[in-house]
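Here's a quick look at the aromatic rings in this model, plus a pocket and a helix worth a glance. Have the structure open as you read.

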Amino acid sequence: MDHSATREEALARIAATQDLDTLEKLRVEYLGKQGSISGLLKTLGAMSPEERQIAGPQIHALREGVTDALAARKAALENAALEAQLASETVDLSLPAPESPRGTIHPVSQVMGELAEIFADMGFAVATGPEIEDDWHNFTALNIPESHPARAMHDTFYFPDKDGEGRDMLLRTHTSPVQIRAMLAQGAPIRIIAPGRVYRSDSDATHTPMFHQVEGLVIDKGITLGHLKWTLETFLKAFFEREDIVLRLRPSYFPFTEPSVEVDVGFALVNGKRVLGGSGDAPGHGWMELLGSGMVNRKVISAGGLDPDEWQGFAFGVGVDRLAMLKYGMDDLRAFFDGDVRWLAHYGFSPLDVPTLSAGVGARA
């Protein structure tokens, strides 16, 4: 018996099917337990061996052809249904959402967090003050004389207007005015750090008109340079996460401290980068000036409303941007403020990477 006509009819009906329900009915009609092709397979048992040898391959080929045609048509109808669904839906919640851009924390903000964490562990509070300051808080109260170069117009951004007391107004040149404001508001004893933006008329690879500083102030009874050195050593070891940080204190001059010391730190060059650690006098090492500090001048303590015969203290200041450059290998300060997202993607930090002393304040994203 020739089954080619049955095959052609079945394939034509399957190809013409437009929905999955009709296709399922055709499957049952041909391949179900009571289907026509299933019935043909049952007739093989009643045939002689000679008849079965001829009819068997034809019936099996018919079943396989219909089975393959049903599977292909089912896949085509399912794909067409999905395409129609996607075209009609505004949002398909059954599909994975596209990956959203992930922001990063700017290195300056990260380092600010690291500093706050380290100094909080030593009992320091964070103090803030206005960025638009008067010249008394910014200069006079800090024992900076009228003739000091920092007061010059080419160094400082002045405003044309004066305040209600006739004082010149300016963008603060350091965060030291916060020390005066904190002493006047809180009295003594006091232990604070003052991080924030400062402004000076300067611009090159290591200087920008706006940058960030953090200053520290301790006022108490019996304070000495020994307390200052211990505080700086503890801070720098925690920040750079190295126990071999070695400091060298050199006599210097600042109007607001007396005595004043420049603080140098030992470093070595590794692959062209300065890596802090070890004594600067060791072979292959050197000393790098890192920050300024000293014992608070008696005139500054008096300007803060305190008796310098009763209270003593120390102060220090360092650039936050410079700390970030040293720790994370950045070589141009201007890149911090260019707004280049590629730079920030490379040097930025994960928002979930909150600095903690236990986990390591410098864990990278």
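## W343 and its ring partner

W343 is a buried residue in this predicted model, with a relative accessible area of 15%. Its ring pairs up with that of Y347 in a tilted arrangement, 5.2 Å centre to centre and with 45° between the planes. Y347 is buried too, at 17% relative accessibility.

Why are W343 and Y347 about one helical turn apart? Because they sit four residues apart in helix α11, which covers residues 341-347.

## The phenylalanine cluster

By the ring-pairing rule, the model has 10 aromatic pairs. One of them is F239 with F240, an edge-to-face pair: the centres are 4.9 Å apart and the planes make an angle of 85°. Both partners are tucked away: F239 is buried with a relative accessible area of 0%, and F240 is buried at 11%.

Those two don't stand alone. Ring pairs tie F239 and F240 into a cluster with F119, F124, F235 and F316.

## Charges over rings

F239 has something else going on: K327 lies over the face of its ring, at 4.3 Å from the ring centre. Elsewhere, R274 lies over the face of F267, at 4.8 Å from that ring's centre.

## Helix α10

K327 brings us to helix α10, where it is one of the buried residues. The helix runs over residues 320-328 and is mostly covered, with eight of its nine residues buried. Besides K327, the buried set is V320, D321, L323, A324, M325, L326 and Y328.

What does the backbone do just after α10? G329 takes a positive phi there, of about 75°.

## The second largest pocket

Now for some open space. The second largest pocket has a volume of about 170 Å³. It's lined by 13 residues, and the closest to its centre are F124, R191, V218, T231 and F314.

Technical notes:
Residues numbered from 1 in each chain as written. Predicted model: local features only at pLDDT ≥ 70, side-chain atom pairs only at ≥ 80, totals over all residues. Heavy atoms only, no water. Phe/Tyr/Trp six-rings, centres within 6.5 Å; stacked < 30°, edge-to-face > 60°. Buried < 20%, exposed > 50% of the residue type's maximum accessible area, 1.4 Å probe, protein only. Helix = DSSP H or I, 4+ residues; strand = E, 2+ residues; numbered from the N terminus. Lys NZ or Arg CZ within 6 Å of the ring centre and 35° of its normal. 1 Å grid on protein atoms, 1.4 Å probe; cavity = no way out; pocket = protein on both sides within 12 Å on 5 of 7 lines; lining within 4 Å. Points joined across faces, edges and corners; volume = space filled by probe spheres on them.
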